[in-house]
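Open the model in your viewer and get ready to select residues by number. Each stop below says what to pick and what is there.

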Amino acid sequence: MYPLPRRMTRAWSPPMPAVPTIRYPDGMGPAPHADDAGAWAGQAADVPAEWFAHFSWLHGVRHTQRVHIHAQRLVRELRWPEADACIALSAALWHDVGRVNDGWDPGHGALSAARVVELGLHESLSEADAQAALFAIRYHCRSDGHGSLRAAGQDDPKRALRILWLLKDADALDRVRLGGWEDPDPAQLRHPRAVPMIPFARELLRVFA
Ligand SMILES: [Fe+2]
């Protein structure tokens, strides 16, 4: 559990841009730009560079925008209810803000969760939803087994894991930027419907790097 003490979370108060509106992707119907990477890129979320503890091409603004797009497409494909989709999309926007390097770093989820709280981003969600988003952020860089174990301590373990798996697959789709052995592995994706999204991820990277 992550305490959300609004009293003590703001160690400093920089002039932060407003949290972008998280718009659910066109209800459950077909989106006009369903498979058009350029159209998706043109509607990418506003992700302020100031959110990030560390400037990075690999894990910064563009990566976050692409992961957010993949998360939107996944929740639509999976026909998620809007409430859960909103949590997953928030987690996608915030999942790497605490990274301080671009290497393998299983601690950056915890750093990102702490930074989300420090910046007050979680305040756009209800406390229960914020807890679910922070859980996914904290464990998105740990093994699935570790996430499953930790979910047991959440108020709604199944929901917490749904959000976590969604974030992990959205993040994994943008592994196309890494290439080689770090390319997305279809066998590792948690949602079969994410597998045919890999070619879209390559196209999105091409038009929105
Ligand atoms: Fe990421």
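Select Arg79. Arg79 sits in the loop between α2 and α3. Helices here are DSSP runs of H or I with at least four residues, strands are E runs of at least two, and both are numbered from the N terminus. This is a predicted model, in which local features need pLDDT of at least 70, side-chain atom pairs count only at pLDDT 80 or more, and totals for chains, interfaces and linings use all residues. Residues are numbered from 1 along each chain as its sequence is written.

Is Arg79 buried or exposed? Arg79 counts as exposed because it has 8 C-beta neighbours inside 10 Å. The cut-offs: a residue is buried with 20 or more other C-beta atoms within 10 Å of its own, exposed with 12 or fewer, and partly exposed in between, with C-beta atoms placed from the backbone. Now check the backbone of Arg79. Its phi is near 55°, a positive value in a residue other than glycine. Most residues other than glycine have a negative phi.

**The whole chain**

Zoom out and colour by secondary structure. The chain has eight helices and zero strands. From the N terminus on, the order reads α-α-α-α-α-α-α-α. Of the 209 residues, 41% count as buried. Next, consider contacts: two residues are in contact if their C-beta atoms, placed from the backbone, lie within 7 Å. Among contacts with a separation of 6 or more, 69% join residues 24 or more positions apart.

**The core**

Select Ala71, Ala88, Ala91, Ala133, Ala136, Ile163 and Leu167. These have the most contacts inside the largest nonpolar core, which has 53 residues. A nonpolar core is a set of buried Ala, Val, Leu, Ile, Met, Phe, Trp, Tyr and Cys residues joined through C-beta atoms within 7 Å. Which helices supply at least two residues each? They are α1 (37-42), α2 (61-77), α3 (82-94), α4 (108-119), α5 (127-139), α7 (157-173) and α8 (198-207). α7 gives the most, with ten residues.

Keep Leu167 selected. Leaving out residues up to four places away in sequence, Leu167 touches Ala71, Ala88, Ala91, Ala92, His95, Ala136 and His140.

Two packed helices are described by the angle between their axes and the distance between the axes. Axes are lines fitted to C-alpha atoms, for helices over the stretch in contact, and angles run from 0 to 180 degrees between N-to-C directions.

Show α3 with α7. Their axes come within 9 Å and cross at roughly 45°. That makes α3 oblique to α7. Angles under 35 degrees count as roughly parallel, over 145 as roughly antiparallel, 65 to 115 as roughly perpendicular, and the rest as oblique. The crossing of α3 with α7 is right-handed. A crossing is right-handed if the near helix is turned clockwise from the far one by less than a right angle, and left-handed if anticlockwise. Now pick Asp84, Ile87, Ala88, Ala91 and Ala92 in α3. They meet Arg159, Arg162, Ile163, Leu166, Leu167 and Ala170 in α7. The residues of this contact divide into eight nonpolar, no polar and three charged. Here Ala, Val, Leu, Ile, Met, Phe, Trp, Tyr, Cys and Pro count as nonpolar, Asp, Glu, Lys and Arg as charged, and the others, Gly among them, as polar.

The axes of α2 and α7 are 8 Å apart, at an angle of about 125°. So α2 is oblique to α7. α2 also passes α7 in a right-handed crossing. Val67, His70, Ala71, Leu74 and Val75 of α2 make the contact with Leu166, Leu167, Asp169, Ala170, Asp171 and Leu173 of α7. By class, that gives eight nonpolar, one polar and two charged residues.

Now bring in α5. The axes of α5 and α7 come within 9 Å and cross at roughly 50°. α5 is therefore oblique to α7. The crossing of α5 with α7 is right-handed. Select Ala132, Ala133, Phe135, Ala136 and Tyr139 in α5; they meet Arg159, Ala160, Ile163, Leu164 and Leu167 in α7. This contact of α5 with α7 has nine nonpolar, no polar and one charged residues.

**Last stop: two prolines**

Select Pro186 and Pro196. Pro186 is in the loop between α7 and α8, and Pro196 is placed in the loop between α7 and α8. Pro186 counts as exposed because it has 12 C-beta neighbours inside 10 Å. Pro196 is exposed, with 10 other C-beta atoms within 10 Å.
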